[in-house]
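Visitor: I would like a close look at a single part of this model. Please take me to the place where the two chains meet, and then show me what else stands out.

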2 protein chains.
Amino acid sequence: MQPPVIILVRPQLGENIGTTARAMHNCGLSKLRLVAPKMGWPNPHAINPAAGAVKILDDVEVFETLQEALADLNIVYATTARTRDMTKPVMTAKHAAGQFCEEIQSGSKIGVVFGPERTGLNNDDLSLIDRVISIPLNPEYTSLNLAQAVLLVAYEWYQVQGDFTSDYLHVAKGTYATKQELFEFFEQLEAELDKCGFLRVKHKRPIMVRNLRNIFLRAPLTSQEVRTLRGVVSDLVSPYTPRS
Amino acid sequence: MQPPVIILVRPQLGENIGTTARAMHNCGLSKLRLVAPKMGWPNPHAINPAAGAVKILDDVEVFETLQEALADLNIVYATTARTRDMTKPVMTAKHAAGQFCEEIQSGSKIGVVFGPERTGLNNDDLSLIDRVISIPLNPEYTSLNLAQAVLLVAYEWYQVQGDFTSDYLHVAKGTYATKQELFEFFEQLEAELDKCGFLRVKHKRPIMVRNLRNIFLRAPLTSQEVRTLRGVVSDLVSPYTPRS
């Protein structure tokens with residue numbers, strides 16, 4: 001799938017162009033266009049912030065006008081915080097990302113336009129675009145750094161690509177203990193707690209045992225961790241006898 | 001609802017601390033803790049990048065160790081790209097954000113820990129945390145800028161707070177016109193409207209042009225539709241001459 005093209009209109013700071021490239025690469029985007037960058041192009045200040053994404057800077061395309069930068073695209077989105085007077089569809093970044101996919105799949109080439117750092121896009125810029133992305137943010141402070149705005153759009157795009165919606169609550173490598181291993185530890189622990197009198201109040205014993213087991217069941221333990229716990233318990237109950 | 005506390009461990013650059021504060025404010029977070037910041041604190045380089053979020057910098061709490069920084073919290077998450085050896089639950093930022101809410105609602109105080117720029121969190125740091133956030137990113141380049149990582153977690157947190165489901169439904173199908181096709185139509189139309197006097201009031205021309213363009217941008221047009229419109233305009237301005 002051909003990812004959306006990112007278009008920065010009259011960006012001021014090279015640093016922001018670099019950080020934008022990095023954020024794009026983080027999310028699998030690679031095509032960056034600049035319209036009339038304030039400090040010209042190439043800009044040495046972009047290089048360090050781009051970190052591992054300098055390839056994107058090498059491939060940047062520069063245009064004099066937004067109109068030229070959009071010429072070969074089919075559907076163009078723009079981010080703006082000023083949505084009040086829009087006579088265009090306004091949507092969240094998440095919703096837009098879903099639409100990119102559908103539109104790209106039906107053969108369209110998509111662009112997302114971001115305005116200059118201080119001022120954002122002006123009305124003439126906005127008159128050229130199809131749809132508006134309004135990122136839901138703290139209404140007391142919606143002013144996003146340029147690269148941060150790009151990141152959020154790119155991030156939502158990337159999330160739609162994979163099946164990350166299913167909240168993969170995987171626990172990475174490392175072999176979990178079998179229940180048998182865990183139960184043997186419970187047996188050992190409870191036997192020792194019976195011996196030492198911790199569980200001596202008979203009618204409270206069942207709930208105390210349940211509570212203890214829950215502590216060790218809350219997060220899955222590895223086999224090694226269970227072995228460690230067994231060692232802890234057996235050492236705790238064996239008074240240290242220095243060898244003679 | 002008491003939002004999560006953000007904890008930066010041994011951050012190197014003041015700029016990143018400032019940008020972090022800004023991203024936090026964008027997403028309604030306000031409590032920032034620093035553990036052993038490399039350049040000390042306060043750091044003048046943080047101020048400009050914080051933009052409208054300097055209040056967060058004023059309220060920063062500084063700790064010597066991560067352990068001290070976590071002392072009053074109940075559940076602690078950390079972001080790391082190295083999830084391979086984790087024996088902790090690993091989840092997406094989106095999933096984590098949902099969990100924050102539930103946990104906060106049941107009275108827990110939540111923290112999210114971010115490691116130093118170059119190295120990330122070390123194993124001793126990770127041994128203190130409960131859960132791991134792994135943000136789904138381009139596997140070829142998962143190295144996020146520090147403030148960008150904070151932004152994504154804060155953004156997902158903010159999205160869970162409100163119901164931002166978009167109500168916009170998209171209609172058209174088929175091959176959309178390229179912008180070049182559309183712009184050529186705009187040129188033709190506006191030239192004809194200049195000629196015929198429709199756009200004669202000079203100070204109103206820019207807004208009239210924008211409004212016109214918006215009409216044809218509201219819903220994406222197919223190439224065929226643009227050709228039709230061009231025919232409409234050229235026919236409208238060519239007086240009909242019946243063939244003899």
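Guide: Start with one pair of side chains. A:Asp124 and B:Arg210 meet in a salt bridge, at 3.3 Å from N to O. The model is predicted, and side-chain atom pairs count only at pLDDT 80 or more. Across the interface of chain A and chain B, the rule finds one salt bridge. Polar contacts are counted separately: 24 residue pairs across this interface make them, with both residues at pLDDT 80 or more.

Which elements of chain A supply the side that touches chain B? At least two residues each come from helix 1 (14–26), helix 4 (66–70), strand 4 (75–79), strand 5 (90–91), helix 5 (93–105), helix 6 (123–126) and helix 7 (146–161). The largest share, eight residues, comes from helix 7 of chain A.

Now the whole interface. On the chain A side, 68 residues are in contact with 59 residues of chain B. The area buried between the two chains is about 5500 Å². Carbon and sulfur atoms give 53% of that area.

A:Asn138 lies in the loop between strand 7 (131–133) and helix 7 of chain A. Is A:Asn138 buried or exposed? A:Asn138 has a relative accessible area of 8%. Buried means under 20%, so A:Asn138 counts as buried. Its partners in chain B are B:His25, B:Asn26, B:Cys27, B:Gly28 and B:Tyr158.

Next, helix 9 of chain A. Helix 9 covers residues 205–217, which is 13 residues. From its first C-alpha to its last it reaches 18 Å, close to the 18 Å expected at 1.5 Å a residue. A:Val209, A:Leu212 and A:Phe216 are buried in this helix. Seen down the helix axis, the buried residues of helix 9 fall within an arc of 65°, so they line one face. An α-helix has 3.6 residues a turn, so residues three or four places apart point the same way. The buried residues of helix 9 pack against helix 8 (179–196) and helix 10 (223–237) of chain A.

Finally, the backbone. Most residues other than glycine have a negative phi, and most peptide bonds are trans. Some places here depart from that pattern. In chain A, a cis peptide bond joins A:Trp41 and A:Pro42, with omega about 5°. A:Pro42 is in the loop between strand 2 (32–35) and helix 2 (47–50) of chain A. In chain B, the peptide bond from B:Trp41 to B:Pro42 is cis, with omega near 0°. B:Pro42 is in the loop between strand 2 (32–35) and helix 2 (47–50) of chain B.

Phi gives two further cases. A:Ala36 is not a glycine, yet its phi is positive, about 45°. A:Ala36 sits in the loop between strand 2 and helix 2 of chain A. A:Ala36 is partly exposed, with a relative accessible area of 33%. In chain B, B:Arg10 has a positive phi near 45° and is a residue other than glycine. B:Arg10 lies in the loop between strand 1 (5–9) and helix 1 (14–26) of chain B. B:Arg10 is partly exposed, with a relative accessible area of 24%.

Definitions and conventions:
Residues numbered from 1 in each chain as written. Chains lettered and ligands numbered in written order. Predicted model: local features only at pLDDT ≥ 70, side-chain atom pairs only at ≥ 80, totals over all residues. Heavy atoms only, no water. Helix = DSSP H or I, 4+ residues; strand = E, 2+ residues; numbered from the N terminus. Expected span 1.5 Å × (residues − 1). Buried < 20%, exposed > 50% of the residue type's maximum accessible area, 1.4 Å probe, protein only. Arc of directions from axis to C-beta. Contact = heavy atoms within 4.5 Å. Buried area = accessible area lost by both parts, 1.4 Å probe. Salt bridge = Lys/Arg side-chain N within 4 Å of Asp/Glu carboxyl O. Polar contact = N/O pair within 3.5 Å; in protein donor to acceptor, adjacent residues only side chain to side chain.
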